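Subject: Structure handover

Hello,

Here is the structure I said I would pass on. My notes on it follow below.

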Amino acid sequence: MACDFFLSFTWTNCALSFVVVAGALFFKWSRKYFLRMIDRRLGRIPPGPRAFPILGTIDIDTKQPQVTFRKWVAEYGDVFSFFLGSRFCIGVGDLALVRTLFRDNRFLGRPNQGIFGHLDGDVTEGILFGNGEIWKEHRRFALSALRDFGFGKASSLEKIQKEAAYLVEVLKEQDGAPYDPTMLFASVGSRNVISDLLFSGGFAPTDQRFIQFIENVKENLRELAGPRDYIDAFFLTQHERKTAGESLGTFTDKQLVRNVSDLFVAGYETTSTFLRWCMVYMIRNPEVQVKVQAEIDTVIGRARNPAPADKSSLPYTDAVTIEIHRITSFVPFGISHCTTEEVKFEQYTIPKGTEIWPVQCNHFMNPKIWGDPETFRPERFIGKSGELLHSLADEVQPFSVGRRACLGESLARNEIFTFFSTILQNFTLTSEVVPSAEARISPVLTPPTFRLIARCR
Ligand code: HEM
């Protein structure tokens, strides 16, 4: 009897403790949710779709989140709020507003990157996801080093042309047979250009890539006096600080690995995915392909390869890549920022730590700007005299805007133009089955797998 009483007492105690602990955790994780919901009711934060404690906003089409976000803009306006789990976010669907916000220093933070922060411990200390002084110092350093060794300089432009010629060589080897170009664009082209800027030499066509990389690093260590690339510049800064008896500050080996990883990942995945989209849109739109080829034939001919400097003389080719950026919107939400302090914006008070999502896929599909946004029509960017309409092209900002905009924009633009125009100068692109334009999200929007047939012209 006493034993029964004791057992039931223990069970009641356990159940009670469970309820108290669960209640305390629920309150802890949902506190922000309830505060924001009160703010929303009072009009202190933008309206948005319904959300639940802890779960957040669940009415998101996970296969096509861009469709859900566009629906929210239509329903709640250009500025709306939503929850990702317990993370409070604001979406901005209009480029002019994004420009205003991202010019403001208080919107330049990066939020905690959720699971990524756990998978790769120190992402928050790099350039891509870093914050505060570390981000400022290393963004500035990367920009200046990459400018010295690449971006826009003749040597890097030549490297891009060399890589374009190599792409052509590999495609020629396929001799018109169907070929999945995913690995080609992922392993050469943009990847070699960025590796060259980071650790000069890039990857050899015979795939001695990693051996080469190790050799380069060793050589860098021997030749600190003559920096040739980003890694050399970093080593040199370390060396100068050590020689002056100063602390290394944030210029540690760990930081170097973090930064190189950020630049490498950001520098080739995006560009190579975009090039695959270019192939898809050319296969789907043969009449556009013919026009691009005609422009290249007239302006450049076949005797020499296109170069980044040719862009202004090839407005239609340029317009095609801009239209592909617009219609694919393959980085549909850019990379989210976060507020570093509470900010009054229009009638709202945006709390510190709020994630700001630039919903560029909405701007790129806004019928008020584009009229027929669902139609692939590069001609929309071409004026009466055949010139590129810069004011309209300026509405397409896939690299984002403001002080945290893509660090590799000029490099990426040069690569895309040169690779795209060189491929079309040499080949007519088709496929056995016309690939669909339906994107998969991972984490940028990628095209479906397809087999490219590149026939020599
Ligand atoms: C088609 C190609 C590319 C696209 C569409 C793209 C797009 C973007 C976007 C949307 C952002 C976020 C900007 C923001 O937070 O407001 C970004 C950031 C960044 N991108 Fe790119 N990018 C491309 C290529 C490159 C290349 C070639 C590099 C190589 C250096 C690069 C390096 C970076 C870095 C380091 C950041 C982080 C900047 C920061 O947080 O300060 N990207 N990119």
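How many bridges join strand 1 to strand 2, and do the two run parallel or antiparallel? The model is a predicted one, and in it 6 bridges link strand 1 to strand 2 (residues 87–92), with the two strands antiparallel.

The sheet

These strands form a hairpin, with 2 residues between strand 1 and strand 2. Two of the bridge pairs can be named: Phe83 is partnered by Phe88 of strand 2, and Phe82 is partnered by Cys89 of strand 2.

Cys89 also has a bridge partner in strand 6, namely Glu355. Strand 2 and strand 6 (residues 355–358) are joined by 4 bridges and run parallel. Strand 2 therefore has 5 of its 6 residues buried and is largely enclosed by the rest of the structure.

The sheet as a whole is open and has 4 strands in the order 1-2-6-3, with mixed pairing. Strand 1 (79–84) and strand 3 (337–338) are at the edges; each has a single partner strand, so one side of each has no neighbour in the sheet. As background, strands of a sheet pair through backbone hydrogen bonds, either parallel or antiparallel.

The iron site

The iron atom of the ligand has a single donor from the protein: the SG atom of Cys406, at 2.3 Å. Cys406 sits in the loop between helix 16 (390–393) and helix 17 (409–426). With a relative accessibility of 35%, Cys406 counts as partly exposed. In the UniProt record, an unreviewed entry, the annotation "binding site" covers Cys406.

Thr321

Thr321 belongs to helix 13 (residues 315–328). Is Thr321 buried or exposed? Thr321 counts as buried because its relative accessibility is 6%, and the cut-off for buried is under 20%. Setting aside neighbours within four places in sequence, Thr321 is in contact with Phe274, Ile416 and Phe420.

Helix 10

Helix 10 (residues 230–243) has 14 residues. From its first C-alpha to its last, helix 10 reaches 20 Å, close to the 20 Å expected at 1.5 Å a residue. Helix 10 is mostly covered, with 10 of its 14 residues buried. The buried residues include the run Tyr230, Ile231, Asp232, Ala233, Phe234, Phe235, Leu236, Thr237 and Gln238, and also Arg241. After helix 10 comes Gly245, which has a positive phi, near 70°.

The chain overall

The protein chain contains 17 helices and 10 strands. Of its 457 residues, 51% are buried. Among contacts in the protein chain with a separation of 6 or more, 70% are between residues 24 or more positions apart. The accessible surface of the protein chain is about 21800 Å², and 59% of that surface belongs to carbon and sulfur atoms.

Regards

Conventions: Residues numbered from 1 in each chain as written. Predicted model: local features only at pLDDT ≥ 70, side-chain atom pairs only at ≥ 80, totals over all residues. Heavy atoms only, no water. Donors = N, O, S within 2.8 Å, 3.2 Å for Na, K, Ca; no water. Buried < 20%, exposed > 50% of the residue type's maximum accessible area, 1.4 Å probe, protein only. Contact = heavy atoms within 4.5 Å. UniProt positions renumbered as here; feature names shortened; annotations may be inferred. Expected span 1.5 Å × (residues − 1). Areas by Shrake-Rupley, 256 points an atom, 1.4 Å probe, with all protein chains shown as cover. Pairing = 2+ DSSP bridges.
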